[in-house]
2 protein chains.
Amino acid sequence: MTSLELQGQAAKSAAQTLAVAGTQLKNQALSAIADALLAHTADILAANAADLSAAQANGMTVSMQDRLRLTEERIRGIADGVRQVAALPDPIGAAVSEAVRPNGLRISRRRVPLGVIGIIYEARPNVTADAAALCLKSGNAVILRGGKEAFRSNQALTEIMRNALESAGLPKDAISLVQDTSRESANELMNLTAYLDVLIPRGGRGLIRAVTANAKVPVIRTGEGVCHTYVDESADLDMACSIAYNAKCSRPSVCNAMECLLVHRAVAEQFLPLVKARLDVKSVEIRGDETVRAVLGDAVVPATEEDWDTEYGDYILAVKVVDSLEEAIDFCNLHGSGHSECIVTESYTAAEQFLNAVDAAAVYVNASTRFTDGGEFGLGAEIGISTQKMHARGPMGLEELTSTKFVVRGNGQVR
Amino acid sequence: MTSLELQGQAAKSAAQTLAVAGTQLKNQALSAIADALLAHTADILAANAADLSAAQANGMTVSMQDRLRLTEERIRGIADGVRQVAALPDPIGAAVSEAVRPNGLRISRRRVPLGVIGIIYEARPNVTADAAALCLKSGNAVILRGGKEAFRSNQALTEIMRNALESAGLPKDAISLVQDTSRESANELMNLTAYLDVLIPRGGRGLIRAVTANAKVPVIRTGEGVCHTYVDESADLDMACSIAYNAKCSRPSVCNAMECLLVHRAVAEQFLPLVKARLDVKSVEIRGDETVRAVLGDAVVPATEEDWDTEYGDYILAVKVVDSLEEAIDFCNLHGSGHSECIVTESYTAAEQFLNAVDAAAVYVNASTRFTDGGEFGLGAEIGISTQKMHARGPMGLEELTSTKFVVRGNGQVR
């Protein structure tokens, strides 16, 4: 057996214990983890400092260094996050449905953990504790595979959590970190079908695509966001301005930010200058089609075909004029990533048609796509935003980390 | 574009129409399909006769020929099955949950189709109509890829269904058959990620494993059944005999049949001769461990390690004596395929422990595992029995062919 197979075996065994652990015990363990993270702040910061100086020596960009950096305040934030997960309702054990069949069999469908969850992520060490807490609360063992830049930090965080688990009376192998950060270990994890029930990649689109393409373990694809806002001919244009500005500018790097604005031809001449004035506040670069350039002038960069499919993650916006609601719907379905799509309209019929026909995890009328988030949707913490349709779609809370089983009680029935 | 890509594109476009088609229209189409299948019975039988004579020329086994064979009665059965699907409740459109957030956003989670479903199957042409009906009712387009032995039959069935769809006012590309039955076309279908939302293999374990191993499209693994019945020390031994006999002998070829019987040591001497007498009625071959052979004598074949992991699908049964409930639970979790597992016991504590700790799609107390079935569980028709934990687990009815989307209604909210 390889060391990763041994780790998988240990995780699977821990998962069996965790699956039948009560809520109180799991919450005590989460609380012990939060306490231990605070108590060992100095150790975590020391490990993180070593990661950071190696990163600087390797020429890591300043923004990447910021993602990697832990501070006392960030560690307090991580510990608070763990306590918030402890406070969420436990999804495990509840009957989703229960009925008695004509032959007397009592059949209930019970919520159970998935088993062993793999998380592949990049340079943010906070994911280590966030993901571990969500998996623990939902009764799953987790195998974490972070980026090599954060290895020392992840190692420190994981050891603290494992010891806290043990002190709380749960198996420490319920949380473990892959010790080898080579590409080979990532590939091996993606194919660890004997032990892993699901693999969730968290990070940039390169990572997500590599995992989706190579994994034999079932994957939940998360976080690709090419989101549109469509300004209908009947829209309240002030509201449309405010929604478009918020969707683009409140945090352009995240997956629920708008990447492309669609405008109905009937309001293009009036609306485009209005929204440009708002977007100019943040110096947003506009890439427009011919009509947009005709209205806004040569300051607008001509959009290429590629622009319609690009997740900029930046202060850049593709803008297109459409002739009809139907064209807008088709455009969203063709070029969107199935994340979040919005119509701004005062027309009841247009709103309903857009909500029904656009195929995305979240469809909006008259609100910013920036709300697509586990907390904002009332799910508590989230482990990612699924853009696939199988198993989970949209923000994934604790319930999305579960499966079900049928529990059948009889008194001798045969078929 | 390859012809399969064109087919995928047409299916995706049809899926968008189907996703917003009302229940009445879908039911009318199902009814038109059932009528058309009956009206064209002669054409179907002619195509099937050509498949059968080619199969005979190629030396197909008699039991495989039986699976391939259609008769007037079987076609009536297929048409009845389509009408039964029409009579099931439509899962699409219902709100799974709805709430208003503190900021006034009204967020509902709505059941929607998966989109385009691929089905890969073998020599049973009845799957063609069954699967198409379930996909249609749940608003999904389907791409069918049957075995080459049944191609003419599948082609006849599919053309009849496509014409009926069109006559009912729905796009015919909602149902289509892959025209190339080579291994290459199966591989291409498994990797058609641009158009397929999910792939469901139906057939023997060789097919299931090949699809699971090779597909990049998300797969729902179905139908592998290594099921156990554990006779506890407190079992009612008459009941245990009757359940064991039913689980093994009522239909040994299906996935919910028992493959391995576990017996607590305390009752082994009393129970084993009883159950052997019952199993002898069907000349079941018993493969036992040393204790079983010590009790039942040399007529019992010695079990090898391989026997504990084998799905016989036949009148063969592995039998093992265990020292404790815990050993039985661990054995089920180690050697079972996660399908259906049963304890026969009069002990409340043993029953609860088994139900909680055994990790399978269906766990039973005092009833035959043969009940794991969509109809028996009250789900209506089923498209297969999932043995994975993601998305669907156990018998898959119409609801398992759906996803959800978040529908968010605002009045100008920004974040």
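Which residue in strand 4 of chain A is the bridge partner of Ile119(A)? Select Ile119(A) and Leu144(A): Leu144(A) is that partner.

This is a predicted model, in which local features need pLDDT of at least 70 and side-chain atom pairs count only at pLDDT 80 or more, while totals for chains, interfaces and linings use all residues. Residues are numbered from 1 along each chain as its sequence is written, chains are lettered from A and ligands numbered from 1 in the order written, and side-chain values use heavy atoms, leaving out hydrogens and water.

Next, select strand 3 (residues 116–121) and strand 4 (residues 141–145) of chain A, which run parallel and are joined by five bridges. Strands (E, at least two residues) and helices (H or I, at least four) are DSSP runs numbered from the N terminus; two strands pair if DSSP finds at least two bridges between them.

Contact means heavy atoms within 4.5 Å.

Now show the whole sheet: four strands of chain A, open, in the order 5-4-3-6, with parallel pairing. Strand 5 (175–177) and strand 6 (198–202) of chain A are at the edges with a single partner strand each, so one side of each has no neighbour in the sheet.

Move to helix 5 of chain A, where Ile75(A), Ile78(A), Ala79(A), Val82(A), Val85(A) and Ala86(A) are buried (under 20% relative accessible area; exposed is over 50%, with a 1.4 Å probe and protein chains only). The face turned away from this buried side carries exposed Glu73(A), Gln84(A) and Ala87(A). Finally, select helix 2 (23–39), helix 3 (41–57) and helix 6 (126–137) of chain A, which are among what covers the buried residues of helix 5.
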